[in-house]
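Q: Could you walk me through one part of this protein at close range? I would like to follow how its pieces sit against each other.

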Amino acid sequence: MIIKNAAIYTPQHSFAVGDLAIRNGRIAPPCRPEPGEKVVDATGLYALPGLVDIHFHGAVGHDFCDADEAGLQAIADFEASKGVLAICPATMTFPEEILGKIMDVAAAHKNERGADLVGINMEGPYISPKKVGAQNPLYVQSADPAMFRRLQARSGGLIKLVDVAPEEPGNLAFIRECGGEVRVSIAHTCTDYDTAKAAFAAGAHHMTHLYNAMPGITHRAPGPIIAALEDGATVELITDGVHIHPAMVRFTFRVFGDDHVVLIADSMEAAGLPDGQYSLGGQAVTVRGPRATLTEHPDTIAGSATCLYDCMRTAVREMGVPLESAVRAASENPARCIGIEADYGSLAEGRWGNVILADRDLNIRTVVRHGEPL
């Protein structure tokens, strides 16, 4: 197909009006339409790359940890409808027996429709028992290389991120041993600055939902956030309007740079559904408007109830983040973080023809997956 007259988000992270060709499902060099080829006039519309979410748990009543193929497909279909065309869903803190079943379902999944399953984010169980957030404290454990490798084998190599609290016993050794096999993220942690620096020196490169479930910044105890800044780590932000104040979002983009920020949804099964009672990691969750909290601990945020596209839109329209920066943080950066940038996250030639056509208010008009409009 040929998309004509769109404001195309270019690999140079700016917009240029022009035409976008998709042949055999991938972005092709500029060319003239062939007889019978679909031509879409996108005058007045943005052409954005399909988004890549590397940290979310579920949607439309399903959770990735349900280990259910029908549920996984329902999640993939929903995400694609929202312009999220590559997904790396997150596990919760569970024992190996449960995690293994999740890996089995992911390994067997066929990317025949909806968002492509491109990875798994192993958010638990190698976290701090003092910073569990909405995770289940019963299953927190020290990082175990042998366990990780067994799960990685069952997943068919899909685990792209492993979250670790580096201050817990044995966890720095895990980072040193496994940091070359998988991207390690500091998460759900009480770590101080020095231990975080040691973790980055050992092979960590990423920070999970920055500011949430970790020490903050003070002038005598700079903490893990400053360590991440100094060591060039990529950092996740949940821009749903609940998790982080808009001023902190703007601060993070300015200080870390829009090449190091990764927008995530961290959504749970309520995404796409009305307010009500839901579940996350086996714990009851109450959703009212954009806010999801543990029912028994209403001060504890339990993920979000939105999707990555809406988080990106909120960052632009309500938080003052430039559109070019927000798009990069929701597409190219997450793709690069998990090593899929040759196929996803950009409208450069050779990538999959995953395109969002949106109006100037960022309302989605059309989603194109592998060159086919949904």
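At what angle do helix H5 and helix H6 pack, and how far apart are their axes?

A: Happy to take you through it. This is a predicted model, in which local features need pLDDT of at least 70 and side-chain atom pairs count only at pLDDT 80 or more, while totals for chains, interfaces and linings use all residues. Residues are numbered from 1 along each chain as its sequence is written, and side-chain values use heavy atoms, with hydrogens and water left out.

Helix H5 (residues 193-202) packs with helix H6 (residues 223-230) at an angle of about 35 degrees, and their axes are 8 Å apart. Helices here are DSSP runs of H or I with at least four residues, strands are runs of E with at least two, and both are numbered from the N terminus. Axes are lines fitted to C-alpha atoms, for helices over the stretch in contact, and angles run from 0 to 180 degrees between N-to-C directions. The crossing of H5 and H6 is right-handed, meaning that the near helix is turned clockwise from the far one by less than a right angle.

On the H5 side, Tyr-193, Ala-196, Lys-197 and Phe-200 make the contact; from H6 come Gly-223, Pro-224, Ile-226, Ala-227, Ala-228 and Glu-230. Contact means heavy atoms within 4.5 Å. These residues divide into 7 nonpolar, 1 polar and 2 charged, where Ala, Val, Leu, Ile, Met, Phe, Trp, Tyr, Cys and Pro count as nonpolar, Asp, Glu, Lys and Arg as charged, and the others, Gly among them, as polar.

Now for the sheet. Its 6 strands form an open sheet in the order S11-S12-S13-S14-S15-S16, with parallel pairing; two strands pair if DSSP finds at least two bridges between them. S11 and S16 (261-264) are the edge strands, each pairing on one side only.

Strand S12 (residues 159-164) has 5 of its 6 residues buried, so it is largely enclosed by the rest of the structure; buried means under 20% relative accessible area with a 1.4 Å probe, protein chains only. S12 is joined to strand S11 (residues 120-122) by 3 bridges, and Leu-161 in S12 stands opposite Asn-121. Another 4 bridges join S12 to strand S13 (residues 183-186), where Val-184 is the bridge partner of Val-162.

Further along, strand S14 (residues 204-207) and strand S15 (residues 234-238) run parallel, joined by 2 bridges, with His-206 partnered by Thr-234 in S15. Helix H7 (residues 246-256) packs on the sheet, touching S15 and S16, and its direction makes about 165 degrees with that of S15.

Conventions:
Buried means under 20% relative accessible area, exposed over 50%, partly exposed in between (1.4 Å probe, protein chains only).
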